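Take a walk through this chain with the structure open beside you. Follow each stop in turn.

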Amino acid sequence: MAASSSSLPLLSIFLICSAFISFVPKETEARSYSCVSSIVSEKLFNDIFLHKDNNACPAKQFYTYSSFIQATNSFPKFGGTGNPATRRREIAAFLAQISHETTGGWATAPDGPYAWGLCFKEEISPQSNYCDAQNKEWPCSSGKSYHGRGPIQLSWNYNYGPAGKALKFDGLNNPEIVTNNSVIAFKTALWFWMTEQLPKPSCHNVMIGRYRPTQADLAANRTAGFGLVTNIINGGLECGRPDDNRVNDRVGYFKRYAALFNVTTGPNLDCAYQKSF
């Protein structure tokens, strides 16, 4: 009798999945062939996000496992590049970053402060509409707000515009879809994670070891690791500040998730001595 996938060693699943993807014709739509579901089971997802459906969380029942997996299928290189440890570490890092962005945790929260990711789906009481009127490539639509929404808290018209173009939704005229459609919400986070926005590298390339620092990066002490990912996401507000509570929260999530994925975190967890981009 054939063994079920749940009884296969992780390395065997990795090899089977990698071999399967390598035979997918290039002209075939890749979104059907993500391997993330072989690494992140529904049980593990629920163990990670213990309280995402708590009554206190505004995003209750919004961020489902099936939506997450469906979204990853559009990004087959996410959690699909490198050896098994590299793949698990990248997924853990991504989930840690989106957990901080959507956290509902506090120091004495039940199960600890790092069990409350995916509690929010949009920024509470935004201080502006996040419209950069100087950006003519992605002009703001009248009456629309581009405040933080979704797992990565996508913000600004210059992010909503290209994200919508890449993911086939109208990000400038209908930014609200990110809080109304959980698959699109996860896709925006993955788009941000996978997309290089020079001079910033992609978070993906940093976590899989493909980041190659420029002379400017070296001068700014932008060393590879989880801390550089934080710099990419919110470095202007959080980096270059030793012992920043926001950075520490991101690191705390990452350490918890890395343990659940049975993988090391790697070096350079914070960006305390990095200059922002």
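Predicted model: local features only at pLDDT ≥ 70, side-chain atom pairs only at ≥ 80, totals over all residues.

Start at Glu101, where the UniProt record, an unreviewed entry, places the feature "active site". Glutamate 101 belongs to helix H5. Which residues does glutamate 101 touch, apart from its neighbours within four places in sequence? They are Pro151, Ile152, Gln153, Ile233 and Arg250.

Now look at the helices that pack against H5. Two packed helices are described by the angle between their axes and the distance between the axes. Take H5, residues 84-101, with helix H12, residues 245-260. Their axes are 8 Å apart, at an angle of about 140°. That angle makes H5 oblique to H12. The crossing of H5 past H12 is right-handed. On the H5 side, the contact is made by Arg89, Ala92, Ala93, Leu95, Ala96, Gln97, Ser99, His100 and Glu101. H12 brings Arg246, Asp249, Arg250, Tyr253, Phe254, Tyr257 and Ala258. Sorted by class, the residues of this contact of H5 with H12 are 8 nonpolar, 3 polar and 5 charged.

H5 also packs with helix H11, residues 226-238. Here the axes come within 10 Å and cross at roughly 25°. H5 and H11 are therefore roughly parallel to each other. Their crossing is right-handed. From H5, the residues Ala93, Ala96, Gln97, His100 and Glu101 take part. They meet Phe226, Val229, Thr230, Ile233 and Glu238 of H11. The contact of H5 with H11 holds 5 nonpolar, 3 polar and 2 charged residues.

Phi of aspartate 243 is near 60°, a positive value in a residue other than glycine.

Next, turn to the catalytic annotation. An unreviewed UniProt entry gives "domain: Glycoside hydrolase family 19 catalytic" for residues 57-79 and 184-194. How much of residues 57-79 is helix, and how much is strand? The span is 35% helix and 0% strand, and its end C-alpha atoms lie 28 Å apart. Residues 184-194 are 100% helix and 0% strand. There the end C-alpha atoms are 15 Å apart.

A disulfide is a covalent bond between the sulfur atoms of two cysteines. The model has 3 disulfides. One of them joins cysteine 57 to cysteine 119, with S to S at 2.1 Å. The torsion about this S-S bond is about -100°, so the disulfide is left-handed. The pair links distant parts of the chain, 62 residues apart. Cysteine 57 sits in the loop between helix H3 and helix H4. Cysteine 119 sits in the loop between H5 and helix H6.

Finish with H6 and helix H8, residues 182-194. Their axes come within 10 Å and cross at roughly 105°. That makes H6 roughly perpendicular to H8. H6 supplies Asn159, Pro162, Ala163, Ala166 and Leu167. H8 supplies Lys187, Thr188, Trp191 and Phe192. By class, this contact of H6 with H8 has 6 nonpolar, 2 polar and 1 charged residues.

One last stop is the loop between H8 and helix H9, which holds proline 199. What kind of peptide bond joins leucine 198 and proline 199? The bond is cis, with omega about 10°.

Terms used. Residues numbered from 1 in each chain as written. Heavy atoms only, no water. UniProt positions renumbered as here; feature names shortened; annotations may be inferred. Helix = DSSP H or I, 4+ residues; strand = E, 2+ residues; numbered from the N terminus. Axes fitted to C-alpha atoms, helices over the stretch in contact; angles between N-to-C directions. Parallel < 35°, antiparallel > 145°, perpendicular 65-115°, else oblique. Left-handed = near helix turned anticlockwise from the far one by under 90°. Contact = heavy atoms within 4.5 Å. Nonpolar A, V, L, I, M, F, W, Y, C, P; charged D, E, K, R; others polar. Disulfide = S-S within 2.5 Å.
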